[in-house]
Amino acid sequence: MPNNTQTVSSILPQLQKSYPSIHFCVGKQFSWSPARQMVTYMDDAARASSWALIHEVAHATLGHKHYKNDIDLLQHEVEAWSAAKKIGKNIGVLVEDDYIQDCLDTYRDWVHKRARCPACSVISLQQDDLTYKCFNCQTVWKVPASPLCRVSRIIIHATGD
């Protein structure tokens, strides 16, 4: 029966055995590096940390490498959490839905903030990987590449330019 009291150190051996092609390395954050075939994890006892580790393994098993735009990144996150639930079930760890939705909310909020026009606040779509253009006022802005960065929007063309 799955439980939610597992720690990183208690599930790591199971994950290493089940996924021998993935390298695991202690670090300062949870992440998946497709280039290095490595999951970096924080070795701490919080139960959410075991869920984050499973989530990064899910990215690896899904073959996630790059994302084309913000919505694509959000889709990768949804897919990884769905796979994490299955992986967790296979190793006896219940990944809580509320936690998953809280994590996805951070990405949803991030996408929403980046898509909001800095001139008129209308939500618009990405034009390319780092550029948005407002449907309403035609303002064009750039955003940082990393989803780990604080959301900033730099106007590169404003109405009246």
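Analyst: A residue counts as buried when its relative accessible area is under 20%, and as partly exposed between that value and 50%. The model discussed here is predicted. By this rule of burial, Trp81 is buried, because its relative accessible area is 4%. Tyr99, with 22%, is partly exposed.

These two residues also form an aromatic pair. A pair of aromatic rings is described by the distance of the centres and the angle of the planes. For Trp81 and Tyr99 the centres are 5.7 Å apart and the planes stand at 85°, so the pair is edge-to-face. The pair links distant parts of the chain, 18 residues apart: Trp81 belongs to helix H3 (residues 70-90) and Tyr99 to helix H4 (residues 97-115). Together with Trp51, they form one aromatic cluster.

The count of aromatic pairs comes to three. Another of them joins Tyr132 and Trp141, whose ring centres lie 5.5 Å apart with planes at 5°, so this pair is stacked. Tyr132 is buried, with a relative accessible area of 2%, and Trp141 is buried at 0%.

The account now turns to the strands. An open sheet of three strands runs in the order S4-S5-S6, with antiparallel pairing. Strands S4 (131-133) and S6 (154-157) are at the edges with a single partner strand each, so one side of each lacks a neighbour in the sheet. From one strand to the next, the twist averages 30°. Strand S5 (residues 140-142) pairs with S6 over three bridges in the antiparallel sense, and Lys142 stands opposite Ile154 in S6.

Conventions
Residues are numbered from 1 along each chain as its sequence is written. This is a predicted model: local features need pLDDT of at least 70, side-chain atom pairs count only at pLDDT 80 or more; totals for chains, interfaces and linings use all residues. Side-chain values use heavy atoms; hydrogens and water are left out. Two strands pair if DSSP finds at least two bridges between them. Helices (H or I, at least four residues) and strands (E, at least two) are DSSP runs, numbered from the N terminus. Axes are lines fitted to C-alpha atoms, for helices over the stretch in contact, and angles run from 0 to 180 degrees between N-to-C directions. Rings of Phe, Tyr and Trp (its six-membered ring) pair if their centres lie within 6.5 Å; planes under 30 degrees apart count as stacked, over 60 as edge-to-face and the rest as tilted. Buried means under 20% relative accessible area, exposed over 50%, partly exposed in between (1.4 Å probe, protein chains only).
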